[in-house]
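Welcome, and please take a moment with the sequence and the model. The briefing below goes through a few topics in turn.

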Amino acid sequence: MKETILLDDFQKKAIEYGLKGYSVIVSAPTGAGKTLIAEHIIDACLKDNKGVIYTAPIKALSNQKFRDFSKKYTNKVGIVTGDVSINPDAPLIIMTTEIFRNAILTSPARFNNKMWVIFDEIHYLDDIERGTVWEETIILLPKHMHLLALSATLPNIDEFIQWLKSVHTHPIKKVVEKKRPVPLTFRYQCNDNFFFTYKELKRSKSLSKHYSNNNYHIKPNKLSSLVVHLKSKNLLPCIYFSFSRRRCEILAHQMHGFNLLESKEKDRVVELFSKLTETFDVTDTTHINFLYPLIKKGIGYHHAGLLPPLKEIIERLFTTGLLKLIFTTETFALGINMPAKTVVFDTLYKYYGRTSRYLKVRDFYQMAGRAGRRGIDSKGFVYIRVDPARIDTNKLENIIYGEYEPIVSQLRSCYATILNLYNIMQEKLYDIYPRSFLFKQTNYFKKKEALNLLKRKVALLKEMKYIVNGGISWKAELASRVYSFELQVGELYEKGIFDSLDELSFFVVICALVYEPRKGEKRPKLTKKTKRLKKEFKYFMKGIHKVERRFHIYPLSKSFSFNLAEASCAWYEGISFYKLNKLCATDEGEIVRYFRMAIQVLREMSLSPTITSSLKSRVYRCLKRVNRDVINAENQLTTDINLPISP
């Protein structure tokens, strides 16, 4: 850390606690500077030749930390995220929390020389789909390791710490900072007018029921009005959050008539964009044709459907200040250090897993917190676009002025975790669950329900011969490595189905295993061979689901989805990536994501000592054929590290 950087009191306090040997929980607003605390702990560890694990909730954040730390701690940083493994024995290892949890269970000795684990975004423990991973990791954390947990505001931090003290061996200190270094100012666009306070908005006719019921003419909120306003008030650069990929693109294309750059800036952004697209070899992606005219005007869009290298290019351009306006989904807000002067919300309504609902207060401020650049801006500006006919004013007020939601346990262990624990503890496995945050938070009936679910899962694993004679079976050893797809892989291997498939079909089946269709996704045309595979695997999954229903285990194990089948066939046979979009309706970024997930499953399978040498050889040959070009995540990351960011 450079000596010229002045630390705030909460940062000094957290660092002091850490250096004195305490574990530390830090709760502070987005943009307050929590990462500086982590860097001081890392500095001290590396100076004393002690190792550190840095965990992050998403791969994009893991990659960013690897890039940042690699520049700061030359030759001392590694990364392991499932589809990437670079310098895995380095003193500072960046990991996704899932990979760290898995490694604690399967090879805990590898962490003997790691003294600290840093949990970035620890409030992810509340995530419905993945929160269980954080809770399990904390429960299973090696006793010698200290923890530094970084989070946005945690209203129930005392409850959380009381639980931590019951499962963690080191004394714990909390540090809470409520003040933002750059305060937020909220403004509203409604009826195509601008309101500078919530009171002003509420007093206006715009939100009245009479107005909304068409007694008055409602003017739509024009994007052009908003951008003219932001530019005239010198409120750029701006991050505009929308919760739909297509909506991000549509909004960006509505900006074709605007130019937000000076002549010299335009020349520079064109030069840098051309250089980066050539370096990352993404000049053939269809998005280039849409993005290039926008980039020249200081405008861009960013979402999970873009190729990972192209998302990286957009992020780089934004950090240089050459992109003045970016339309993006909410993943841009999660930990990635991309602040702006202004944040805009297209709506306050988004899709949460299975249903649409108003934003959580925590999620709103995670995104709003990107407004205001520390050391540059005295204020951060947050604009909310309000449609009076579609918004509940009480909900709007609660999101802006309400309390953050407390974090709630989402513990729901998967089969792999249970198998790994059973392999170590046998029937004492049940002793772990009274130590969970779930047991701390819930009433007697919910505790009993959670324990009964665990017992039903163990009973199923015993009936299906994954647990035998007080230990785990040979097929369970394989299944215990393949998180989220345990029964599918275990049964396919036991029944000899993997051996009966030709190599191309083997890859198609693995892709179908990991693929999750998006809501309303258009189904592609399938060949007769793929239709036959689809029918066979539908019947195969009926057998697994029948057993799970009998044991009352929900949600059921994931079924196979063959939407990517023709694309995965073509990729295996060597087609250029940029021709794949003709074979499926899936976005390029999604194709990359699922191919990389398939590669991760193949790698996990290859690590099992129980698979036959012939299957292991097949896995290796498959990996060699498919982990190439833009799919190869390590190539992207190592290329990225060697590129300077120049303004």
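The charged end of arginine 618 sits over the ring of phenylalanine 506, 5.8 Å from the ring centre; a charge counts as over a ring if NZ of Lys or CZ of Arg is within 6 Å of the ring centre and within 35 degrees of the ring normal. Arginine 628 lies over the face of tryptophan 571, at 3.5 Å from the ring centre. This is a predicted model, in which local features need pLDDT of at least 70 and side-chain atom pairs count only at pLDDT 80 or more, while totals for chains, interfaces and linings use all residues. Residues are numbered from 1 along each chain as its sequence is written, and side-chain values use heavy atoms, with hydrogens and water left out.

**Aromatic pairs**
- There are 33 aromatic pairs, meaning rings of Phe, Tyr and Trp (its six-membered ring) with centres within 6.5 Å; planes under 30 degrees apart are stacked, over 60 edge-to-face and the rest tilted.
- Tyrosine 54 and phenylalanine 69 are an edge-to-face pair, with 5.4 Å from centre to centre and 65° between the planes.
- Tyrosine 54 belongs to strand β2 (residues 51-56) and phenylalanine 69 to helix α3 (residues 59-72), so their pair ties together parts 15 residues apart in sequence.
- Tyrosine 54 and phenylalanine 69 are buried, where buried means under 20% relative accessible area, exposed over 50% and partly exposed in between (1.4 Å probe, protein chains only).

**The open sheet**
- Seven strands form an open, mixed sheet in the order β10-β9-β17-β14-β11-β13-β12; strands (E, at least two residues) and helices (H or I, at least four) are DSSP runs numbered from the N terminus, and two strands pair if DSSP finds at least two bridges between them.
- β10 (193-195) and β12 (299-302) are at the edges with a single partner strand each, so one side of each has no neighbour in the sheet.
- β12 pairs with β13 (residues 325-328) in the parallel sense over four bridges, and tyrosine 301 stands opposite phenylalanine 327 in β13.

**Asparagine 632**
- Asparagine 632 is in the loop between α26 (613-626) and α27 (633-641), and counts as buried at 14% relative accessibility.
- Leaving aside residues up to four places away in sequence, asparagine 632 touches Arg596 and Asn627, with contact meaning heavy atoms within 4.5 Å.
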